[in-house]
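Please read each point against the model shown here.

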Amino acid sequence: MRILAIGGMSSGVGKTTLICRILPGLPGWGVLKTSVRSGKKAGGDLPPDHYEIVTAAQDLQVPGKDTGRYHQAGAAGLSWLRTGPDGLAEGVARAMERFSGYPGVVVEGNSHTFHQEPDRLVLVARGSLSEIKPTAARLLPRADLVVLNQATGEDRGGLTCQALVDAGAGCPILEGDVRSRQVLDRIRNRLATWFPPSP
């Protein structure tokens, strides 16, 4: 099983949009959404060393939610790992077992890559960002591609290709709107090289 990790420099950078756009070119692949819930984000509902793997269709196929969008985009299977920081390693291992019969899985998130080495890692950023979150900064040197998602006319906050290189990116950086056909075609061409169809 092949693993494509899609992480982000921050929330709201376009990870979900990118995943939805590439799924039609990855037939039979599943999607695993990962959420590390800690501090205020956890809301007290998940102890630090616990995790849960959400698999029920009524919880995943919700219109407008990330997992619902993945379902609509054609994901062959869906799971959502919700975990405290100390349950991440075991949770990732158990969640990945659910995709063992699939040709591949797209894993959304950053922290899982410290416990499950992907075949390829793509990081998504936005030009409007003024800083890179710590987990993303640690992943930059390991990335195979950085997508600097920049809509036409969007205000920039200071994140440029050079800033990404200075922060440790040693891979190609693709700049443009992930919703555009031009950017999508370039990403799909790269995916076809990374994950050629099985004979």
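1. Ile53 lies opposite Leu81 of strand E4. Strands E3 and E4 (residues 78-83) run antiparallel and are joined by four bridges; two strands count as paired if DSSP finds at least two bridges between them. Strands (E, at least two residues) and helices (H or I, at least four) are DSSP runs numbered from the N terminus.

2. The model is predicted: local features need pLDDT of at least 70, side-chain atom pairs count only at pLDDT 80 or more, and totals for chains, interfaces and linings use all residues. Residues are numbered from 1 along each chain as its sequence is written, and side-chain values use heavy atoms, with hydrogens and water left out.

3. The open sheet has eight strands, ordered E3-E4-E2-E5-E1-E6-E7-E8, with mixed pairing. Strand E3 (51-54) and E8 stand at the edges with a single partner strand each, so one side of each has no neighbour in the sheet.

4. Helix H1 (residues 15-22) packs on the sheet and touches strands E1 (2-8), E2 (30-36), E5 (104-108) and E6 (120-126); contact means heavy atoms within 4.5 Å. The direction of H1 makes about 150° with that of E1, where axes are lines fitted to C-alpha atoms (for helices, over the stretch in contact) and angles run from 0 to 180 degrees between N-to-C directions.

5. Glu175 in E8 is the bridge partner of Leu148.
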